[in-house]
Amino acid sequence: MSELTEKQKKKNEKKRLKNEKTLRKMKKNRWWGGFIGFILFSSVIAITLVVLIAWMLTYVVESKLVKESSNARLIAQLYSDKMSGKDEMDRMLDALELQRDYIVLDKNGNQLEVKGTDTRNGSNTLNYTTSQLGSVVIYQDIHGQFLKIDNDNSVDIDFKGLFDKKPLAAGGKRYIEEEDRLIVPFWMGVEVPDSDNMIFVKSSVDMDEGDVIFMAIVIGGVALILLGGYVIMIINLVRGIANHRRVNTMLFTDPVTKNTNWTWFKAKGEQLISSRKGASYNFAVTDFDFVKYRNFCIAHSVEEGERALKDVFDVISANLSDKEICAHSANAHFAVLLSYVNEENLDSKIRSILSKLEKLYVEHKLAFHVGVAKKGVKLDDRGRAIRRIDADIEQDYFNACAAAEELSESDDSGISYFDELLVEQQKWIDTVNDNQEAAVKNEEFQVYYQPKYDPKTNKLAGAEALIRWISPEYGFVSPGKFIPIFEKNGFITEIDHYMITHVARDQKRWLDQGYKCVPVSVNVSRAHFVEDDLAEQIRDMVDREGAPHDLVEIELTESAFFDDKNAMITTINKLKEYGFSVSMDDFGAGYSSLNSLKDMPLDVLKLDAEFFRGENEGGRAQIVVSEAIRLAKQLNMRTVAEGVEDREQVEFLAEHDCDMIQGYYYAKPMPPAEYEERMRAGFKDVEAEKAAIAEKKAENKTEGAAAQTATN
């Protein structure tokens with residue numbers, strides 16, 4: 001194909017990146033987002049529980065500190081009463097169960113009284129003030145370093161110490177375990193009322209079973225709430241994974257083969273072709289078309305047909321390498337991306353797959369048409385492979401399908417390669433489609449006439465109207481380059497109308513000019529016979545031009561007789577009723593049916609030109625032609641022999657009473673002005689014309705020789 005423009009390249013690259021991004025998004029495990037959320041939520045739960053435990057411990061410790069501060073102040077009050085002689089301190093302490101070690105210091109720090117052992121850790125002290133405690137002084141105990149004295153006027157829990165089993169350097173313990181309690185001793189100092197002295201009471205934070213139960217209830221309740229959210233998140237995560245797989249299945253899975261589909265092939269294929277790694281590989285985008293798949297389904301069943309498609313996919317995919325992919329693209333088509341070393345390797349690989357597909361079932365021989373669009377390695381100026389950033393696998397597959405379409409007339413397996421010729425053919429088809437309406441409107445189509453002569457008298461007996469396209473832009477275009485296109489796109493019916501109208505118009509004009517007109521046959525496409533009012537349409541067109549009906553002959557191809565037989569008979573009878581004669585064209589070109597001659601009330605039988613070409617071993621063609629003429633005579637039909645080119649054929653046909661001959665022996669198709677000359681002459685002196693031509697050639701040869709002699 002021609003080089004793509006920079007704009008088209010950028011468009012293709014943008015499209016490729018979009019497809020690749022879509023594939024990545026769909027193939028990416030979307031549950032990763034949920035999984036990350038799951039990890040984050042798990043972390044939040046863990047942190048929340050740690051913080052909650054710390055807060056609960058702090059809360060319990062501070063509540064214990066409040067209680068111990070009350071006890072310390074009560075002991076200080078008792079000591080004050082003791083000093084003033086009001087009460088006996090020990091008795092009161094026993095009564096209140098507050099026997100504690102304590103130390104009394106004066107304002108200079110001198111000990112005034114000591115009860116028990118001084119186990120204060122003097123290196124770690126804190127002046128602590130809260131609304132609940134008031135102002136107190138706290139010392140760590142050498143056996144109670146679970147409490148942490150901070151410099152920001154706070155008492156915290158030393159969590160590290162909680163789990164540290166190593167003894168302290170001074171020989172003390174971090175906390176004391178006693179039965180079902182955990183005891184953290186410390187010293188709390190408060191002012192002795194009515195004095196300048198301070199009393200330091202040995203206190204403790206006791207963590208008993210009740211405290212643990214309380215914390216467990218609170219923490220457990222919060223944990224249950226968090227765990228509920230945790231479970232919901234796990235459920236959503238699992239559901240997200242399942243949904244992702246379900247969406248992937250819906251988007252990328254073919255419902256028939258239960259495997260990859262066209263959407264996946266398109267995205268993955270462009271990714272492979274345009275990747276840096278794929279730049280050094282030759283690729284071929286191919287279309288494997290299951291020939292007569294519909295017939296297979298009719299003969300068996302739709303279910304059997306779908307199973308066959310799955311089996312075909314399995315065979316193809318089993319013969320692919322890592323860099324090759326396939327997918328069920330549509331109906332009975334499979335898109336296959338192949339890598340290859342050279343063209344011989346590619347052809348061998350395709351034929352190997354074809355061989356296996358044809359032998360898929362023992363009882364059936366399957367056939368496949370394979371279209372191939374090659375994607376060779378692209379090289380830079382230094383001969384290095386470069387990325388195919390303009391890769392467009394959709395266009396490549398379309399090209400492969402177009403190549404496979406070239407095999408549509410065959411029922412056997414075959415391979416067709418897409419090339420520049422197919423590109424030009426497709427461009428021409430587009431050109432015809434784009435210009436057909438304007439060509440009719442601007443009268444670019446012209447009617448040529450090929451005379452028919454009576455072989456016995458050489459008199460003009462009829463003519464056939466043939467279309468030619470004389471385009472201002474494309475010049476003279478032969479019918480073979482546009483009629484098949486019109487037959488496929490349906491525009492042939494417009495051409496039929498055009499031809500009938502112009503033939504009727506010419507016949508009317510020639511009659512008015514005094515010519516002795518003969519019937520002119522006009523071919524009507526089989527596509528027209530689906531219309532119930534075809535005979536009326538033809539009648540009205542001819543009437544509008546004012547031509548007699550008997551001067552317009554309606555010509556039908558033999559293949560048209562295999563469509564709706566009853567509709568065909570009805571239309572022919574109507575045409576004959578309106579005064580038109582009807583002929584069968586190309587009799588013998590296909591699978592001629594004698595039933596068509598028996599049932600169809602035809603006026604003229606045209607013998608196909610193939611009867612008069614090639615070898616005639618044993619005179620077999622002459623036997624068939626003579627019997628066909630005899631059969632037509634017995635059915636009251638006139639006969640026309642097409643494609644006659646030599647005198648022996650004319651003599652043979654005249655001998656067997658063929659009514660008319662149409663061929664180059666008498667005349668080629670000609671424009672209306674030249675045909676008028678034929679009508680004016682009324683007959684054809686073939687021998688005289690040939691003699692004149694020979695004489696003219698001899699004169700030219702003599703003149704040339706004389707000129708050469710003069711030059712020498």
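Reply: A salt bridge here is a side-chain nitrogen of Lys or Arg within 4 Å of a carboxyl oxygen of Asp or Glu. The model is a predicted one, and the structure holds 27 salt bridges on that criterion.

Me: Ok, what does lysine 606 pair with in a salt bridge?

Reply: Its partner is glutamate 642, with the closest N and O atoms 3.3 Å apart. Lysine 606 sits in strand E23 (residues 604-607) and glutamate 642 in strand E24 (residues 638-642), so this pair ties together parts that are 36 residues apart in sequence.

Me: And are those two buried or exposed?

Reply: Both lysine 606 and glutamate 642 are buried. Salt bridges with shared partners also join Glu464, Glu555, Asp585, Lys606 and Glu642 into one network.

Me: Which helices hold arginine 505 and glutamate 545?

Reply: Those residues form a salt bridge whose closest N and O atoms are 3.1 Å apart. Arginine 505 lies in helix H13 (residues 492-512) and glutamate 545 in helix H14 (residues 534-545), so the pair links parts 40 residues apart in sequence. Arginine 505 is partly exposed, at a relative accessible area of 36%.

Me: How far apart in helix H8 are aspartate 314 and lysine 310?

Reply: They are four residues apart in helix H8 (residues 302-318), and therefore separated by about one helical turn; their salt bridge has its closest N and O atoms 3.4 Å apart.

Me: Switching to cysteines, how many disulfides are there?

Reply: A search of the whole structure finds zero. Cysteine 326 counts as buried, at 5% relative accessibility, whereas cysteine 401 counts as partly exposed at 23%.

Methods
Residues numbered from 1 in each chain as written. Predicted model: local features only at pLDDT ≥ 70, side-chain atom pairs only at ≥ 80, totals over all residues. Heavy atoms only, no water. Disulfide = S-S within 2.5 Å. Buried < 20%, exposed > 50% of the residue type's maximum accessible area, 1.4 Å probe, protein only. Helix = DSSP H or I, 4+ residues; strand = E, 2+ residues; numbered from the N terminus.
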